[in-house]
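Subject: Structure for you to look at

Hello,

Here is the structure we talked about.

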Amino acid sequence: MIRRNRLILGTYLMLTLLLVLLGLYLKNLKMLWILRYLVFLSLPLTALAARGRHPGSSSLVFALLCAALGDAFIYLPLGLERFEPNLPLGMLFFALSYTLITAVYVKGGLSSMVSGLKVHPDLLIFPLFLATMEFAFWGTLPLLFLLLGFFFFVALSTAFWASVRLYSRRSYPKRIRNLVLLSTTLMVLCDLIVVLGFLLPVMSARMYDIGSVIVWSAYIPAWTILAILSTDEGFHETISW
C-alpha cells in the first residue's frame, strides 16, 4: 500500500476510534450525528482528490457520493433536527452505491450483473428472507417502501457475492482482493445490525451501546477501504462472473 493510502487509512481509523468514544460519552447527540456525517462526507471528497486512473476509479468515487447522499437523508436529519429522516430515499441511494460497486467488481458492468443473477438465482435468497422479515414486522408500510427494501438487499448481497468471487480469482494482487472482501464484509455486518435495530426492539441501553460500537467500528473503515481502492493503481481491471 502506497504511503498516501496508508495515511488515508490511518487518519480514518483514528477518526473511527474518536467517533466510537464520542458515541459512548458525548451527551450532545445532535452534535454527534453532525460529526459522524461530516467525517463520512469527507470520504468521497478525499477519494475525488486522490482518485486513480483505472476505469473503475470514477465509479467507486460516485458510489461513495451516493452513500453520502444516503446518509444525508437518514442520519443528517438526526443532527439538524429540522426535518424527518427519509429512510426510503436513503435506502435507494445506498442501493445505487452497492450497484456501482458491483459493476466495478464485475467485468461487463450492469449487464453482467443481470447475467450473474440468472446463473446464480441463489443470490436472491438473502434479500427475499430480509424482505419477508420487513413485511412481517412492517406489514402496514407502503408497497413502494417494501420494494425499495428488496432492491437494497439485492444490491447489498450482490455486491458481497461479487467481492467473494473476486477474492477467489487471481486477477488481482492478494492485497487488493483482501481489501475488496474486507470492505464489503464490513458493509454487510453494519447494515445487518442497523436493519435488526429497526426490526427488533432494543432491550437495554447497554445493547444499544454495543450495537453502536459495532456499527461505527465497521461503517467508516468499510467505506475508507473503498476510497483507498479508488486511488490504488494496482486496481486496474475488472473481473468476469
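H2 and H10 run roughly parallel to each other, because the angle between them is about 15° and angles under 35 degrees count as roughly parallel. Their axes are 8 Å apart, and the crossing is right-handed. Please keep in mind that this is a predicted model.

On the H2 side, the residues that meet H10 are Trp33, Arg36, Val39, Phe40, Leu43, Ala47 and Ala50. Their partners in H10 include Trp216, Tyr219, Ile220 and Trp223. By class, this contact of H2 with H10 has eleven nonpolar residues, four polar and one charged.

H1 also packs against H10, at an angle of about 165° with the axes 9 Å apart. H1 and H10 are therefore roughly antiparallel. This crossing, too, is right-handed. H1 contributes Arg4, Asn5, Ile8, Leu9, Tyr12, Leu13, Thr16, Leu19, Val20 and Leu24; from H10 come, among them, Asp209, Val213, Trp216 and Ile220. Twelve residues of the contact of H1 with H10 are nonpolar, five are polar and two are charged.

The remaining pair to report is H1 with H2. Their angle is about 170° and their axes lie 10 Å apart, which makes H1 roughly antiparallel to H2. The H1 residues in this contact are Arg4, Ile8, Tyr12, Leu15, Leu19, Leu22 and Gly23, and those of H2 include Leu32, Leu35, Arg36 and Val39. The class count for H1 with H2 is ten nonpolar, three polar and two charged.

Some residues turn up in two of these contacts. Arg36 of H2 is in the contact with H10 and in the one with H1. Trp216 of H10 is in the contact with H2 and in the one with H1.

Best regards

Terms used
Residues numbered from 1 in each chain as written. Predicted model: local features only at pLDDT ≥ 70, side-chain atom pairs only at ≥ 80, totals over all residues. Heavy atoms only, no water. Axes fitted to C-alpha atoms, helices over the stretch in contact; angles between N-to-C directions. Helix = DSSP H or I, 4+ residues; strand = E, 2+ residues; numbered from the N terminus. Parallel < 35°, antiparallel > 145°, perpendicular 65-115°, else oblique. Left-handed = near helix turned anticlockwise from the far one by under 90°. Contact = heavy atoms within 4.5 Å. Nonpolar A, V, L, I, M, F, W, Y, C, P; charged D, E, K, R; others polar.
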